[in-house]
Amino acid sequence: MAQNYYQKEAETMPYEQIRALQSEKLVKQVKHVYENVPYYRDLMDKKGVKPEDIKGVDDLHKLPFLTKADLREAYPYGLLAKPLSDCVRIQSTSGTTGKRVVAFYTQNDIDMWEECCARAIVAVGGTKEDVCQVCYGYGLFTGGPGLNGGSHKVGCLTLPMSSGNTERQIQFMMDLKSNILCCTPSYAAYIGETLKEMGYKPEDNHLKAGIFGAEPWTEEMRRDIEKSLGIKAYDIYGLTEISGPGVSFECQAQNGMHINEDHFIAEIIDPETGEVLPEGEKGELVFTCIDKEAFPMMRYRTRDICVLSREQCSCGRTFVRMRKPMGRSDDMLIIRGVNVFPSQIETVLIQKGYSSNYLIEVDRVNNNDTLDVLVEMNPEHFSDTVKDIEKRERDLADAMRTMLGIGPKVHLVAPKSIQRSEGKAVRVIDKRKLHD
Ligand code: DLL
């Protein structure tokens, strides 16, 4: 029988109660990790911290951080806190550089993770009456398996499509009357574009909501997707190390993602000094897993840059909200000394009426950084004269200069000439790395 996955008692707990619950779980978790993970025990010993020093959330800052470098060093089993025979699943990141991150799950870990995804589906209005089409990748990537499990828990009729074969996606979506679409925002935009090309209007489909995440996307892109699919588009966040999608999710207020604080403690730190920052300040997001058994990350540095808010949410949930991450500290480009996030470029493009199909190319010529932005023309611009196109390019470059503080060279290219993504989009090519 499908349960109710608006878990009101947990999700609307007063703040003091959340802190007390987190403290109680943290004390137990630190002991579990110290006793079972020699790698983390060494880090604690080096810092001179013993499990007895951690009496609650107020002592969290005493614990050492874990970073991606630790995960690589400890690969594959060094951070495992349970015998392998107690684990039932492995998931992994799509990591393009170095060793992939391999995360382990016990059955309880899977249940907790899927519950988080179920909460996300219910928060956007999903019920057991809905047909939920999951077109995140299945396999080692956590997107497909996570939302699939959540959809089952809610009792939705689940369509495990995985990504790709867009025309077939659309055919199933129409024939089986899908109401909820789960995929990356870049793939949602592509589905919207393809629907239009196939002659469908936004009101022709049965979708009501989309649950889009796994990559940064802007408010402007949200509005575009909502228009092209005729739905409400909601954000969902997560990472393999912490479980997968559903670490946090947006509710119908569409105003930040509630972090499942009964399972994860969130902190924002200064990425340079590691110092914990007060609520409302921008910094690097750090998570501590207080319920996970097999792979309990302690103070894991996500490299995602964002802001937390405890302001009351109109949905009634009390779990802290994180703003859309504005990028990762390692996605941030430093061009001629200026910090540039791809999302800033996307904002300008959509504000100016272009699509989110763009490619940023950074290079170094004669010791000088260059920034080129390739942008697809809209079909109606295609017949413009060369002079008109050059004027459009200058306009866009000016708007980007105002936003970024440095001027790019903008190149308008033919519609559909930039490769579409079925998973996480690749928006940046940094050729400087090839010369280093
Ligand atoms: O991307 C898990 C996921 C699947 C989340 C499906 C949401 C939906 P990883 O492949 O380990 O896991 O990548 C995690 O992706 O640290 C962020 O940098 C980025 N990311 C994930 N969700 C969002 C989001 C999955 N909503 C990394 N907005 C994270 C911005 C996101 N960035």
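Helices are DSSP runs of H or I with at least four residues, strands are DSSP runs of E with at least two, and both are numbered from the N terminus. The views below show a predicted model.

**Figure 1. Lining of the second largest pocket.** At least two lining residues each come from α8 (185-197), α9 (219-229), β17 (358-365) and β18 (368-376).

**Figure 2. Domains and residue classes at the second largest pocket.** Domain 1 (8-328) and domain 2 (334-430) each supply at least three residues to the lining of the second largest pocket. Sorted by class, this lining holds 18 nonpolar, 12 charged and 10 polar residues.

Figure 3. The shell around the ligand consists of 20 residues, and D235, I236, T240, D304 and K424 come nearest. Strand β7 (residues 232-239) provides the largest share of this shell, 5 residues. By class, the shell contains 9 nonpolar, 6 polar and 5 charged residues.

Figure 4. Which residue places a polar side-chain atom 2.8 Å from an oxygen atom of the ligand? That residue is K424. An N or O atom in the side chain of D235 is 2.8 Å from a nitrogen atom of the ligand. E215 takes part through its backbone: one of its backbone N or O atoms lies 3.3 Å from a ligand nitrogen atom. On its own the ligand has 610 Å² of accessible area, and the protein covers 95% of that area.

**Figure 5. Positive phi at A214.** Although A214 is not a glycine, its phi is positive, at about 85 degrees. The residue sits in the loop that runs between β6 (209-213) and α9.

**Figure 6. Largest cavity.** The structure has 2 cavities of 30 Å³ or more. The largest cavity holds about 90 Å³ of space. It is lined by 12 residues, and those closest to its centre are L71, Y75, P76, V102 and F295. Of the lining residues, 8 are nonpolar, 3 are charged and 1 is polar.

**Figure 7. Cis peptide bond between Y75 and P76.** Two of the residues closest to the centre of the largest cavity, Y75 and P76, are joined by a cis peptide bond. The omega angle of this bond is about -10 degrees. P76 belongs to the loop between α4 (68-73) and β1 (89-92).

**Figure 8. Second largest cavity.** About 30 Å³ of space is found in the second largest cavity. Its lining is formed by V33, V37, Y40, L66, L79, P296 and M297. Which classes are represented in this lining? The count is 7 nonpolar residues, with no polar and no charged ones. For the lining of the largest cavity, the corresponding counts are 8 nonpolar, 1 polar and 3 charged.

Terms used
Residues are numbered from 1 along each chain as its sequence is written. This is a predicted model: local features need pLDDT of at least 70, side-chain atom pairs count only at pLDDT 80 or more; totals for chains, interfaces and linings use all residues. Side-chain values use heavy atoms; hydrogens and water are left out. Ala, Val, Leu, Ile, Met, Phe, Trp, Tyr, Cys and Pro count as nonpolar, Asp, Glu, Lys and Arg as charged, and the others, Gly among them, as polar. Domain bounds come from an automatic or database domain assignment. On a 1 Å grid over the protein atoms alone, a cavity is a set of points where a 1.4 Å probe fits but cannot get out, and a pocket is an open set with protein on both sides within 12 Å along at least five of seven lines; lining residues have an atom within 4 Å of a point. Grid points are joined across faces, edges and corners, and a volume is the space filled by probe spheres set on the points. A residue is near a molecule or strand if one of its heavy atoms lies within 4 Å of it. A polar contact is a pair of N or O atoms within 3.5 Å; within protein, one must be able to donate a hydrogen and the other to accept it, and residues adjacent in sequence count only if both atoms are side-chain atoms. Accessible areas come from the Shrake-Rupley method with a 1.4 Å probe; for residues, only the protein chains shown count as cover.
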